[in-house]
Amino acid sequence: MELLRRIFEEKDSRQRVGLFVDGPNVLRSEFDVDLDAVRDIAAEYGPLAVTRLYVDQNASPGLIQAAEARGFEVRTTSGDVDVRLAVDATDAAVAGQIDVLAVASRDTDFKPALEVAAREGVRTVAIAPGEYGRSDALRNAAEDAVTL
């Protein structure tokens, strides 16, 4: 009985994770990133409360369908993907929707979003698409950094 109680307490205490993936900067042929691997890394921090892939209007229907099949909510924008992702990630952190903010990108544009989240008490994670695609500024702004 004690073991069951501990298991339920551990599950309840797990942190809600918001995973925000910068499609144009991560899903490039030179990185060969697997969206399942990105999800798995984020899920190590707790249950995924938000799982979003941001793409521009040029994204192929096949990419969108594959991402949705892997549990991603796909946000398509005709404007700047970075702005939409940063605003949504910051909003989720400030609104208390997540306890962990995981951003998959190689772009330093997300450094302010990670900083705001950290000030709000949200744990931050930078996921880089590879050694070549790693942003030192983004990595240094995050509490944790993972390279695929």
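Which backbone oxygen lies 3.1 Å from a polar atom of the side chain of Arg-16? The backbone oxygen of Gln-97 does; a polar contact here is a pair of N or O atoms within 3.5 Å, where within protein one must be able to donate a hydrogen and the other to accept it, and residues adjacent in sequence count only if both atoms are side-chain atoms. This is a predicted model, in which local features need pLDDT of at least 70 and side-chain atom pairs count only at pLDDT 80 or more, while totals for chains, interfaces and linings use all residues. Residues are numbered from 1 along each chain as its sequence is written, and side-chain values use heavy atoms, with hydrogens and water left out.

Arg-16 sits in the loop between helix H1 (2-13) and strand E1; helices (H or I, at least four residues) and strands (E, at least two) are DSSP runs numbered from the N terminus. Although Arg-16 and Gln-97 are 81 residues apart along the chain, their C-alpha atoms are separated by 7.7 Å. Beyond residues up to four places away in sequence, Arg-16 touches Pro-47, Ala-49, Gly-96, Gln-97, Ile-98, Asp-99 and Val-100, contact meaning heavy atoms within 4.5 Å. Its relative accessible area of 34% makes Arg-16 partly exposed; buried means under 20%, exposed over 50% and partly exposed in between, with a 1.4 Å probe and protein chains only.

The largest nonpolar core has 22 residues, of which Leu-19, Val-21, Val-38, Leu-53, Phe-72, Ala-102 and Ile-127 touch the most other members. Such a core is a set of buried Ala, Val, Leu, Ile, Met, Phe, Trp, Tyr and Cys residues joined through side-chain atoms within 4.5 Å. At least two residues of this core come from each of strand E1 (17-22), helix H3 (35-43), E2, strand E4 (100-104) and strand E5 (123-128). H3 gives the most, with four residues. Apart from this core lies another, of 20 residues, among them Val-81, Ala-86, Ala-117 and Val-122.

Strand E2 (residues 48-56) also holds Thr-51, which is buried because its relative accessible area is 11%. Leaving out residues up to four places away in sequence, Thr-51 touches Leu-19, Arg-39, Gly-71, Phe-72 and Glu-73.

The structure holds one aromatic pair. The ring centres of Phe-20 and Tyr-54 are 6.3 Å apart and the planes are at 25°, so the pair is stacked. Rings of Phe, Tyr and Trp (its six-membered ring) pair if their centres lie within 6.5 Å, and planes under 30 degrees apart count as stacked, over 60 as edge-to-face and the rest as tilted. Phe-20 lies in strand E1 and Tyr-54 in strand E2, so the pair ties together parts 34 residues apart in sequence.

Charged side chains form 12 salt bridges in the whole structure, each a side-chain nitrogen of Lys or Arg within 4 Å of a carboxyl oxygen of Asp or Glu. Asp-88 and Arg-75 form one of them, with the closest N and O atoms 2.9 Å apart. Because Asp-88 lies in helix H5 (residues 81-94) and Arg-75 in strand E3 (residues 73-77), this pair ties together parts that are 13 residues apart in sequence.

Lys-111 and Glu-115 meet in another salt bridge (2.7 Å, N to O). Both lie in helix H6 (residues 111-119), four residues apart, about one turn of the helix.
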